[in-house]
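Dear colleague,

Please find the structure we discussed below.

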Amino acid sequence: MSTTTTPAAEGAVIGKDGLATLVDLLRARGFTVVGPTVRDGAIVLAELESADQLPYGWGVELEAGHYRLREREDGAAFAHAAGPQSWKTFLHPARVRQWRAERSDGQLVIEEDDTPPPRFAFLGVRPCDLRAIAVQDRVLTGGRHRDPVYQGRRSGAFLVAVECTEPGATCFCASMGTGPAAGPGYDLALTELVDADGHRFWIRSGSPEGADILAALPTSAASEAVCETARQAVASAADRMGRTMPDTDLRRLMAGTLDAPRWDDVASRCLTCGNCTMVCPTCYCTTTEDVTDLTGDHAERWRVWDVCFDLDFSQLHGGPVRPSARSRYRQWLTHKLGTWYDQFGSSGCVGCGRCIVWCPVAIDITEEAAALHDWADRPDGEP
Amino acid sequence: MHADTRPTLAVWKFASCDGCQLTLLDCEDELLGLADQVRISHFLEMSGAEDGREPATLNGIGPYDLSLVEGSVTTEEDVRRIHHIRRISRRLVTIGACATAGGVQALRNFADVEQFRATVYASPQYIATLATSTPISAHVPVDFELRGCPIDRRQLLEVITAFLAGRKPNIPDHSVCFECKRRGNTCVTVAHGTPCLGPVTHAGCGALCPTYGRGCYGCFGPVANPNLVAMVRQLRQDGMTGRDIVRIFRTFNAASPEYAPVAELATQEPPEDPHPPETPQ
Ligand code: SF4
Ligand code: SF4
Ligand code: SF4
Ligand code: SF4
């Protein structure tokens, strides 16, 4: 039994060459490696053929409704946040065919779509996104009815988390308790360090498969000093978050402010375009589309992303249940921050800031929550 | 020989550029399959004959199971003809911005047609025209309106297929942003400051312009309940002047009633933004 009180040096250190080996090794083991890369003036998530495609030397400038790539002198690969996609694009794809049916000689044959999904290795999962994957795990596979599409893609996925040392102006994971240090759930975790001692990554494994891969990488021992520097870098990121969620019981706040005038105010600014929900790494809603061909002998059922900002989303006989922008924005916010707890036992928001960045008219979930909080806290008697 | 039991299809043209009808002819891979399922009875763009008998007339013979109508109503004769076509069609579907919203020719609705007539034509006395260009639905009941300038090929096939199968066409009513995000595009407004009408524009094109790095210019017309106050404010923020804003809404769907407030919104002093975004450092 150890009696020392200082944390032991854990994990190992790899250089840029080690990262390149990691990508090659994962590919050689049959994984489809997905990670950040520069495309269309943004850092997007896409399949990587080699670590050369990582966004070395690129950072981002984030604000509500605003995203710009910025060159970085330090050459860091993971000094960015809140890209236009999240891992949900791969685990819970925007379109999937569920089955097809053929009619011939009066016989109907229904064929389930069971094409085996690729085995993904995700490189660069931020701590907030690691939590978002756990949230979707609960939603899509944690209940009585499991989603086979998600499960098939998720069960074989290898997650390489990268802790945050460079939060964006729209990040608030620290106030949601989801980052900037990586929580459980990763196979490997990295912390990127670029300083006088060079460009390197502190690497730890979180699963037997992760340990196995780590053992095959060209590593050097992690000194106490490296571990400490990395922990410091992550801890200081927590103090540099651009946004915070009000420090209150959000579930109660949402339930108690359903009549707040602020909902009309935000509705006057909201385009109901649905961008916030579609970029959110935890929003999971879908709709069903049936297609037939001209002969009517061939039919397919597709599942596609849908969100609560769509009028059709709440369409019943006689019209939509949530026709107003007010009711649709309120559905989104109260679900994310309130009723998600009742349904799934956690917050539906992990503080990644994507909905703030990718809202074309700069509506900010933390600002809206703060305004509701102020209203709830108003002196008695005020409207 | 079996009697021909295929449903009959007719394609009609009013004031338009023919682009939407051409979309049907563009369905090269599907056209033969389509001809197996329907009898294309009346389609002057494709054939001068009506069910093999020449010449076809502008009025057709009918009746038709499905009529696709392109173009807007701009003359007295158009008014008479659309009522006739409605009478001889079981289902009537409008195709494109002209038939659905009046088209770019509806710019006349905002101006003096007499002046146009006098300026443009050498012998204005031969020009018989109405003062307005109006959508088909302003004259007769319409079973379905397909948007776009021009319409999208896949959507046209979907509408025809749905009507053949007797089901509702799968044509979503949401904004272009939905298609843009499902396609995995990077938003051109947020990442590049490019003005984009996607948030107030009806889906259907598959977010074609943003996919190629351009802003949407609204050729599919308005989405249901567009928030034009917020959209106009954002377009200004992205650098458009009031005049540019009026112009971009006054194109193929100029006469859409949803766009009516734009002229006033874009020309008045920009209202104070209740929550100005923080300027990034
Ligand atoms: S609600 Fe916004 S900040 Fe929260 S997880 Fe979703 S996109 Fe991220
Ligand atoms: S916020 Fe809306 S889109 Fe997101 S999970 Fe909830 S209901 Fe679905
Ligand atoms: S909050 Fe922003 S992104 Fe979300 S629907 Fe409204 S305008 Fe679109
Ligand atoms: S590029 Fe245009 S259509 Fe696409 S998400 Fe942005 S605003 Fe919407």
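The notes below cover the ligand surroundings, the salt bridges and a surface patch. Please bear in mind that this is a predicted model.

Ligands. Ligand 3 is surrounded by 13 residues, and the closest are A:C270, A:L271, A:C273, A:C276 and A:C359. Its shell comprises 10 nonpolar and 3 polar residues, with no charged ones. Ligand 4 lies between chains A and B. Among the residues around ligand 4 are A:N275, B:C177, B:C180, B:C187 and B:C196. Helix α7 (residues 176–182) of chain B provides the largest share of that shell, 4 residues. The shell around ligand 4 divides into 8 nonpolar, 2 polar and 1 charged.

Salt bridges. Over all chains, the search finds 39 salt bridges. In one of them, A:R29 pairs with A:D212, with the closest N and O atoms 2.9 Å apart. This pair links distant parts of the chain, 183 residues apart: A:R29 is in the loop between α1 (16–28) and β2 (32–39), and A:D212 is in helix α6 (residues 208–215) of chain A. A:R29 has a relative accessible area of 40% and is therefore partly exposed. In chain B, B:R90 and B:D65 form a salt bridge (3.2 Å, N to O). B:R90 belongs to strand β4 and B:D65 to strand β3, 25 residues apart. In chain A, a network of salt bridges links A:R262, A:D265, A:R269, A:E367 and A:E368.

Surface. B:V104, B:L107 and B:F110 form a nonpolar patch with about 240 Å² of accessible area together. B:F110 lies in the loop between α4 (97–101) and α5 (113–120) of chain B.

With kind regards

Terms used: Residues are numbered from 1 along each chain as its sequence is written. Chains are lettered from A and ligands numbered from 1 in the order in which they are written. This is a predicted model: local features need pLDDT of at least 70, side-chain atom pairs count only at pLDDT 80 or more; totals for chains, interfaces and linings use all residues. Side-chain values use heavy atoms; hydrogens and water are left out. A residue is near a molecule or strand if one of its heavy atoms lies within 4 Å of it. Ala, Val, Leu, Ile, Met, Phe, Trp, Tyr, Cys and Pro count as nonpolar, Asp, Glu, Lys and Arg as charged, and the others, Gly among them, as polar. Patches are made of residues with over 30% relative accessible area and no salt bridge: like charges are joined within 9 Å, nonpolar side chains (Val, Leu, Ile, Met, Phe, Trp, Tyr) within 5 Å. Accessible areas come from the Shrake-Rupley method with a 1.4 Å probe; for residues, only the protein chains shown count as cover. A salt bridge is a side-chain nitrogen of Lys or Arg within 4 Å of a carboxyl oxygen of Asp or Glu. Helices (H or I, at least four residues) and strands (E, at least two) are DSSP runs, numbered from the N terminus. Buried means under 20% relative accessible area, exposed over 50%, partly exposed in between (1.4 Å probe, protein chains only).
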